[in-house]
Amino acid sequence: CGYAEARGDQCDKCGKLINAVELKDPQCKLCRGTPVVTPTQHLFLDLPKLEGRLEAWLERTWAAGDWTANARHITRTWLRDGLKPRCITRDLTWGTPVPLDGFRDKVFYVWFDAPIGYLSITANYTDQWERWWKNPQQVQLYNFMAKDNVPFHSVVFPCSLLGADDNYTLVNHLIATEYLNYEDGKFSKSRGVGVFGDMAKDTGIPADVWRFYLLYLRPEGQDSAFSWADLLLKNNSELLNNLGNFINRAGMFVCKFFAGAVPDMVLTAEDQRLVARVTLEMRQYHQLMEKVRIRDALRCVLSISRHGNQYIQVNEPWKRIKGDERDRQRAGTVTGVAVNVAAALAALLQPFVPGVSAAIQAQLRIPPERCGLGPGLTCTLPAGHRVGTVSPLFQKLEPEQVEALRQRFGGGQTPPASAPPPAPSAAAAPGDPKLIQELTEQVAKQGNLVRQLKAAQAEKAQVDAQVAKLLELKQQLALAEGRSPEVPKGKRKK
């Protein structure tokens with residue numbers, strides 16, 4: 001595809017697997033010198049010999065298992081072109097040494113070697129490892145990966161196991177995501193662009209917030225992008241104002257109005273409607289999780305808390321508790337139903353944010369044997385059950401805090417909003433169609449972000465920062481098109 005940064009095993013832009021000698025302008029990563037090709041002997045996996053067995057296995061597996069569309073497509077592409085012998089050794093000093101005379105100075109290629117680690121890790125954990133890895137009749141194997149790793153798990157490693165002819169367990173469900181990008185570009189450790197696992201820990205943002213946001217934007221059907229502004233928005237709107245607000249209110253009503261004991265509940269048609277809505281969302285959640293549509297399952301959880309918040313707002317138990325006996329009984333029913341929805345959310349959240357789930361269980365004192373999921377909403381916390389101390393589950397993220405992190409992990413890829421737009425360079429002169437196209441897409445993307453922030457009634461400082469970025473991009477686009485940049489409209493001084 002002509003990508004200048006393509007590496008000698010796989011191109012990061014188009015995903016094609018290539019050999020180093022196929023690079024157009026190869027250069028050493030360390031010294032930038034031009035490498036010299038010398039003859040050497042390698043071991044190859046004879047994939048053509050296994051092609052028929054692989055196709056027969058894939059046909060059976062695809063009929064019974066869940067493979068994402070991109071995983072199927074990538075695998076079909078390999079088969080369509082015909083399998084080629086695949087080199088599985090390298091002339092390197094690091095890696096797993098090849099235990100064969102004549103090749104002991106070499107190591108295995110990482111994507112031949114790494115999947116075998118799945119078995120050896122299990123064998124290090126238990127001497128009963130064959131109960132999982134040589135038991136295809138009773139074991140369902142799920143693989144999770146980004147799409148660039150699909151061929152190694154759908155072709156190369158299965159061929160290794162089929163060729164061994166020793167009843168190994170092969171993958172049943174291959175779940176591949178698209179790419180997660182960073183802001184307006186790509187993650188890059190070498191350029192310091194993006195947040196990586198060890199860095200995320202030092203941001204001060206709780207681990208469960210990271211877990212939630214990354215699963216919320218999981219690129220299941222198309223590429224998605226991490227955005228600091230969106231992280232702030234989702235934390236403050238979905239976690240704090242939606243999920244946390246509902247669970248906290250439900251628990252607080254029990255403590256404040258009913259001395260910490262779940263009140264008696266006499267369900268009306270309105271309460272039954274809420275139970276039905278929650279049950280429907282829970283069933284959908286189960287179906288999506290079974291199909292490994294994790295992001296959509298998380299949205300079911302957030303829909304349940306939205307139903308709960310609406311239920312509380314309509315019924316106003318804080319007002320009814322001050323009324324007559326009938327009103328107080330109604331306040332008790334609403335509170336009891338709400339806190340049982342909160343208990344259900346503790347179980348639904350466990351796969352996504354385990355720390356938050358544990359905190360809800362502790363605050364509501366949910367007995368371990370009751371913190372499970374049935375086919376629908378049940379009375380987990382009966383009348384008389386005593387809850388514990390209820391406290392907020394999430395903290396608000398401030399624009400200044402998030403902007404500082406954006407600058408810290410930007411790697412210089414995005415200039416500050418207050419910086420003047422850079423003048424067009426010789427490589428990006430006015431009229432450059434590629435630059436114009438890129439800037440047009442960035443303006444559209446940034447415009448959508450601004451509209452989302454305004455619709456969500458985000459803080460003024462946050463909106464202003466993103467509007468400034470939008471204006472800057474528009475100025476750059478105007479320069480690229482050879483037009484005079486528009487001066488932002490403002491109030492005239494009297």
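This is a predicted model: local features need pLDDT of at least 70, side-chain atom pairs count only at pLDDT 80 or more; totals for chains, interfaces and linings use all residues.
## Helix α10

An α-helix has 3.6 residues a turn, so residues three or four places apart point the same way. After α10 comes Val 292, a residue with a positive phi near 60°.

## How α10 meets α13

The axes of α10 and α13 come within 11 Å and cross at roughly 5°; because angles under 35 degrees count as roughly parallel, these two helices are described as roughly parallel to each other. On the α10 side the contact is made by Glu 270, Asp 271, Leu 274, Val 278, Met 282 and Tyr 285, which meet Arg 330, Thr 333, Val 337, Val 341 and Leu 348 of α13. Sorted by class, this contact of α10 with α13 holds seven nonpolar, one polar and three charged residues.

## How α8 meets α9

The axes of α8 and α9 also come within 11 Å, but here they cross at roughly 105°, and α8 and α9 are therefore roughly perpendicular to each other. In α8, Val 209, Trp 210, Phe 212, Tyr 213 and Tyr 216 take part, and they meet Trp 228, Asp 230, Leu 231, Lys 234, Asn 235, Glu 238 and Leu 239 of α9. By class, the contact of α8 with α9 comprises eight nonpolar, one polar and three charged residues.

In soluble globular proteins, nonpolar side chains tend to be buried together. The largest nonpolar core in this model has 68 residues, and the members that touch the most others are Trp 228, Leu 231, Ile 247, Val 341, Leu 345 and Leu 349. Two or more residues of this core are given by each of α8 (207-216), α9 (228-258), α10 (269-290), α11 (294-315), α13 (325-349), α14 (354-364) and α15 (399-408), with the largest share, twelve residues, coming from α13.

## Residues in loops

Two residues other than glycine in the loops have a positive phi. Glu 316, with phi near 45°, is placed in the loop between α11 and α12 (317-320), and at 28% relative accessibility Glu 316 counts as partly exposed. Arg 365, with phi near 50°, lies in the loop between α14 and α15, and its relative accessibility of 49% means that Arg 365 likewise counts as partly exposed, since exposed requires a value over 50%.

Asn 172, in the loop between α6 (150-164) and β6 (173-177), is buried, with a relative accessible area of 18%, because the limit for buried is under 20%. Leaving aside neighbours within four places in sequence, Asn 172 is in contact with Thr 61, Gly 65, Asp 66, Trp 67, Val 139, Gln 140 and Leu 141.

Conventions:
Residues are numbered from 1 along each chain as its sequence is written. Side-chain values use heavy atoms; hydrogens and water are left out. A nonpolar core is a set of buried Ala, Val, Leu, Ile, Met, Phe, Trp, Tyr and Cys residues joined through side-chain atoms within 4.5 Å. Buried means under 20% relative accessible area, exposed over 50%, partly exposed in between (1.4 Å probe, protein chains only). Helices (H or I, at least four residues) and strands (E, at least two) are DSSP runs, numbered from the N terminus. Axes are lines fitted to C-alpha atoms, for helices over the stretch in contact, and angles run from 0 to 180 degrees between N-to-C directions. Angles under 35 degrees count as roughly parallel, over 145 as roughly antiparallel, 65 to 115 as roughly perpendicular and the rest as oblique. Contact means heavy atoms within 4.5 Å. Ala, Val, Leu, Ile, Met, Phe, Trp, Tyr, Cys and Pro count as nonpolar, Asp, Glu, Lys and Arg as charged, and the others, Gly among them, as polar.
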